[in-house]
Amino acid sequence: MPGTTHWVLGVDSGGSGVRVAITRADGSGGPGAVADDRPVPTRERGIDAAALLDRVLPRVAGLLREVAADSLAAACVGAAGMASLGDDLRAALPAALEDAFGVRALALAGDAVTAYAGALGLSPGVVVAAGTGLIALGTSGESWRRADGWGHLLGDAGGGAWIGRAGLEAAMRAHDGRAGGSAALLACAQQRFGPAAALPSVVYPRTDRPAVLASFAPDVAQCAAQDPVASEILRQAAQHILESAAAARPQLPGETRVGLAGGLFKMGEPLLGPLRDQAEWLLPDAALVPAAGDPLDGALLIARALHEGGLTLPADGVLLHTVLR
């Protein structure tokens, strides 16, 4: 109908909770995002769809009341772990969102995909999404290439937990008097966590161990200007980041844009400097660029493109699953 305003939904679900936003399908904006700081739990079938809907549905209803609308033309739900833990979401969300808001075009995406769209839009390239963990995702538009994102025990090399763990290991080396230790990092570790000898009892029992390790990454960055051990940790982290970007890089003519997305890069020059210094030989013919937006921006962009029939990112059924009813 001429003059009808169509609205689309974006959802970003991760370790810090759920964020929800709607925008006009023509991209002309909408009300601000709303959030629920309760992370969605994982159960036998993976990410719990009922718990996600419990957080999302009332907030979407409130946003639609705010704009005097009662339906959505399209939606994109981005969730950490969607690729391997998204069975319940893929089974339950299409019908639930259609029943609640008339959604007939739905994209279910891994948070790396929404981070990609937020950082580079729908164009080919590579995005490194780095916070507590780290994953690199690249596409030429035909398929996805993924590197790392395997968690703090098996990978996530160069991410926040990796940096924090390396910093705490250097602190413990200094505590013992072993080679490779850092007195500066030891002082920071004791200020943050208490006596060094008690550090295992602080870290090991925690169910949120990756986040605890990552909480020390800013201390490593703070020490890097004066401490050679901390500086070397960040140089190695930058090397790992560039290696993951190179592994995920698609075959493209000319220069490849590499988007740097996520909170890790907010530490600034202590990490960005080593990235630039090593990019010339580890990632030649590439341009490192800051992310244009965040994963919620990416979810909204994907929802708009799905509504318009212009979604060019590869829908593989796992990293990006689309449902058109």
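In what order do the six strands of the open sheet run? The order is 3-2-1-6-7-13, with mixed pairing. This is a predicted model. Five strands form another open sheet, in the order 10-9-8-11-12, and its pairing is mixed too. The points below take each sheet in turn, then the surface patch and the salt bridges.

- Strand 3 (34-36) and strand 13 (320-324) are the edge strands. Each of them pairs on one side only.
- Neighbouring strands of this sheet are turned against each other by 15° on average, direction ignored.
- Helix 1 (residues 49-66) packs on the sheet. It touches strand 1, strand 2 (17-24), strand 3 and strand 6 (74-79). The direction of helix 1 makes about 30° with that of strand 2.
- Strand 7 (residues 105-110) and strand 13 run antiparallel, joined by five bridges. Within this pairing, Leu-108 has His-321 of strand 13 as its bridge partner.
- Helix 3 (residues 87-101) lies across strand 6, strand 7 and strand 13. Helix 3 runs at about 150° to strand 7.

**Ser-13 in strand 1**

- Ser-13 is found in strand 1, which covers residues 7-14.
- Is Ser-13 buried or exposed? Its relative accessible area is 6%, so Ser-13 is buried; the cut-off for buried is under 20%.
- Which residues does Ser-13 contact, leaving aside its neighbours within four places in sequence? They are Val-18, Val-40, Leu-52, Gly-78, Ala-79 and Ala-80.

- Strand 10 and strand 12 (286-290) stand at the edges. Each has a single partner strand, so one side of each is left without a neighbour in the sheet.
- The twist from one strand to the next averages 20°.
- Strand 8 (residues 125-130) and strand 9 (residues 134-139) run antiparallel, with six bridges joining them. Val-128 has Ala-136 of strand 9 as its bridge partner.
- Strand 11 (residues 256-261) pairs with strand 12 in the parallel sense, over five bridges. Here Gly-259 has Val-289 of strand 12 as its bridge partner.
- Which side chains of strand 12 point to one face and are buried? They are Ala-287 and Val-289.

**Nonpolar surface patch**

- Trp-150, Leu-153 and Leu-154 form a nonpolar patch on the surface. Together they have about 430 Å² of accessible area.
- Where does Leu-153 lie? Leu-153 is in the loop between strand 10 (144-148) and helix 5 (160-176).
- Leu-153 has 70% relative accessibility, so it counts as exposed; the cut-off for exposed is over 50%.

**Salt bridges**

- How many salt bridges are there? The count comes to 16.
- Arg-19 forms a salt bridge with Asp-12, and the closest N and O atoms are 3.1 Å apart. Arg-19 is partly exposed, with a relative accessible area of 28%. Asp-12 is buried, with a relative accessible area of 14%.
- Asp-36 forms a salt bridge with Arg-38, and here the closest N and O atoms are 2.7 Å apart. Asp-36 counts as buried, at 5% relative accessibility. Arg-38 counts as partly exposed, at 36%.
- Asp-36 and Arg-38 also belong to a network of salt bridges, in which they are linked with Asp-54 and Arg-59.
- The side chains of Arg-235 and Glu-232 meet in a salt bridge, at 2.8 Å from N to O. Both residues lie in helix 10 (residues 228-248). Arg-235 and Glu-232 are three residues apart, about one turn of the helix.
- Arg-235 counts as partly exposed, at 32% relative accessibility. Glu-232 is partly exposed as well, with a relative accessible area of 31%.

Terms used. Residues numbered from 1 in each chain as written. Predicted model: local features only at pLDDT ≥ 70, side-chain atom pairs only at ≥ 80, totals over all residues. Heavy atoms only, no water. Helix = DSSP H or I, 4+ residues; strand = E, 2+ residues; numbered from the N terminus. Buried < 20%, exposed > 50% of the residue type's maximum accessible area, 1.4 Å probe, protein only. Contact = heavy atoms within 4.5 Å. Pairing = 2+ DSSP bridges. Axes fitted to C-alpha atoms, helices over the stretch in contact; angles between N-to-C directions. Patch = residues over 30% accessible without salt bridge, like charges linked within 9 Å, V, L, I, M, F, W, Y side chains within 5 Å. Areas by Shrake-Rupley, 256 points an atom, 1.4 Å probe, with all protein chains shown as cover. Salt bridge = Lys/Arg side-chain N within 4 Å of Asp/Glu carboxyl O.
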